[in-house]
Amino acid sequence: MMKRLRLMIPGPIEVAPEVLAVMAEPLVAHYGKEWTVFYKEILGMLRRIFQTDGDVFLFPGSGSAGLDAALGSTLFPDGKVLIPQNGFFGERLEEIARSYTTNVHTIDFPVGRVIDLGAVERTLQDGNFDAVACVHCETSTGVLNPIQELATLCRSHGILFIVDAVSSLAVESLEMDAWGIDICVSASQKGLESPPGLGVVAVGKRVWDRINHAKSPGWYLNLKVWKEYTEKWGDWHPHPVTQAVNNIKALRVGMERILKEGLDARFERHRKITQQLRQGLREIGLTLYVPDEIASHGVTSVLGPDSKVDELLAYVRKQKGILLAGSLGLLKGKIFRIGHMGPSASKEAIDEVLTALRKGLRAIQ
Ligand SMILES: Cc1ncc(COP(=O)(O)O)c(C=O)c1O
C-alpha cells in the first residue's frame, strides 16, 4: 500500500470524505431513464460552474482528453492556431495542436511572466488565424493568464478562443459566455473537488458550425460524435461510450459542495487563503516565484532554498506527511509548488504547510 499523505499538490487534490464515499458505492448502469435524468442534471451543474448555456461533455479520461477533443475537433487538418504560452502546459497545448494541424504558431513569453496582450494583438492583426488556444492558470508556475482580455481580443477579430481551464475552473473567476470563450476544458481532479478520471469540455453555441465542417479524425475524442449521440440516444444513453459512473456520482457531490458555497464566495475564499499563504511564506524567509498581481489562487510556487528543494520536500513528506510538488521542465529543482484548491483552501491546511516548511528549513540548514 502507498503511504497516505495529505495532498497539497496542484491536483489531484484532497477531496471531502463524502465525495470519496461515493466511489465505493455499488455500480449503476450508465444508461436507462434514471441514469439519463441524473446525467443531464450533472451537465446542468457543470453549465452553472462554467457559466455557459452551451453544451458540456464528460469524457472518461483526464483533462488532456478534453484538450485533445477541443483541438482535434476544431483544427484538423489545417486550422491556423495561435498559442501564446509561458510554461509547460502551454507547450503541452502546442504539442496536442501539432498532432492535428501543421499550422501552429506560438508566442513564447518568459516562464513565470504573464502573457502580453499587445504582442498577441499584433500577431492576430497580421495573421488570419482560425483559433487562439491558451492556458488560464499555468500550473507549472502558478501564473494566471489574462483570459478575459484574450477572449475580448479574439471576439474583436472573430477568432475561435479555446481555454485550458484544467487548474482554474471553480477556483478562479471564469465566465465562459459573458467573456466570449468558445471552448473551455477542465478536469475532475482539481477545482471540481473529485477524483481524477473525467475530462470536461464546454462548447459554446458559435462553435458548432466549425466543428461540423472540420474533418476531425478519430471517433472517441471527436466532439461531433459526442453531440450526435447526445441527440440520437438522448433519452436513454446520452453519450457514445460506457461512462465512469462512480466518478460522475462523486463529481456530483463535489459540485454540490461548490454550488452550495456559491461561486463568488468560493473565489473569494481562494483569494484570501492565497494572500495568507503568500504572507506566511515570506515571513518564514521564502521567496515567491510569481508576483502577487499575476499569481493564481489555487497553486503557489516558491523559489526553493538553493539546491535543497528536494531535501525540503522530502522532509515535509517524511516528517509531516504532507506532499508538495516540485516543478517541471527548466524549473525542476528550482521551485516547488503548493496546491490549495477546494477543501485545501483553508487556514488549517496552509498553517500545517507553513509549520512543516518552517521546521523543514531549520532541519536542512
Ligand atoms: C493547466 C493544465 N493543463 C493540462 C493538464 C493535464 O491534465 P491531465 O493530467 O488531467 O490530463 C494539467 C494537469 O495538471 C494542467 O494543470
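User: Which residue in strand 14 stands opposite Thr 300?

Analyst: That's Ile 338. Before going on, note that this is a predicted model: local features need pLDDT of at least 70, side-chain atom pairs count only at pLDDT 80 or more, and totals for chains, interfaces and linings use all residues. Residues are numbered from 1 along each chain as its sequence is written.

User: What makes strand 12 and strand 14 a pair?

Analyst: Pairing asks for at least two bridges found by DSSP between two strands. Strand 12 (residues 299-303) and strand 14 have 5 bridges, in the antiparallel sense, so they qualify under that rule. A strand here is a DSSP run of E with at least two residues, a helix is a run of H or I with at least four, and both are numbered from the N terminus.

User: Why are strand 11 and strand 14 called edge strands?

Analyst: Their sheet is open, with 3 strands in the order 11-12-14 and antiparallel pairing. Strand 11 (287-288) and strand 14 (335-339) each have a single partner strand, so one side of each has no neighbour in the sheet.

User: What lies across strand 11, strand 12 and strand 14?

Analyst: Helix 11 (residues 263-283) does, and it runs at about 10 degrees to strand 12. That angle is between N-to-C directions on a scale from 0 to 180 degrees, with axes fitted as lines to C-alpha atoms, for helices over the stretch in contact.

User: What is the strand order in the sheet of 7 strands?

Analyst: The order is 2-10-9-8-5-3-4, in an open sheet with mixed pairing. Strand 2 (55-60) and strand 4 (104-108) pair on one side only, which puts them at the edges. From one strand to the next, the twist averages 20 degrees. Inside that order, strand 5 (residues 131-135) and strand 8 (residues 160-164) pair in the parallel sense over 5 bridges, and Val 135 stands opposite Asp 164 in strand 8.

User: Why is Glu 193 called buried?

Analyst: Buried means 20 or more other C-beta atoms within 10 Å of the residue's own, exposed means 12 or fewer, and partly exposed is in between, with C-beta atoms placed from the backbone. Glu 193 has 25 within 10 Å, so it counts as buried. Its phi is near 60 degrees, a positive value in a residue other than glycine. Glu 193 sits in the loop between strand 9 (183-187) and strand 10 (198-203).

User: And Ser 307, is it buried or exposed?

Analyst: Exposed: Ser 307 has 9 other C-beta atoms within 10 Å. Ser 307 also has a positive phi, about 55 degrees, without being a glycine. You'll find Ser 307 in the loop between strand 12 and helix 12 (309-320).

User: Which residues touch the most other members of the largest nonpolar core?

Analyst: Ala 97, Ala 133, Val 185 and Val 201, out of 101 residues in that core. Both domain 1 (6-12 + 263-363) and domain 2 (17-259) give the core at least three residues each. A nonpolar core is a set of buried Ala, Val, Leu, Ile, Met, Phe, Trp, Tyr and Cys residues joined through C-beta atoms within 7 Å. In soluble globular proteins, nonpolar side chains tend to be buried together.

User: What does Ala 97 touch?

Analyst: Leaving out residues up to four places away in sequence, Ala 97 touches Leu 71, Leu 75, Val 81, Ile 83, Val 104 and Ala 133. A contact like this means C-beta atoms, placed from the backbone, within 7 Å.

User: Which peptide bonds are cis?

Analyst: Among them are Gly 11 to Pro 12, with omega about -5 degrees, and Phe 76 to Pro 77, with omega near 5 degrees. Pro 12 is in the loop between strand 1 (6-7) and helix 1 (17-23), while Pro 77 is in the loop between helix 3 (63-75) and strand 3 (81-85).

How values were computed: Domain bounds come from an automatic or database domain assignment. Two residues are in contact if their C-beta atoms, placed from the backbone, lie within 7 Å.
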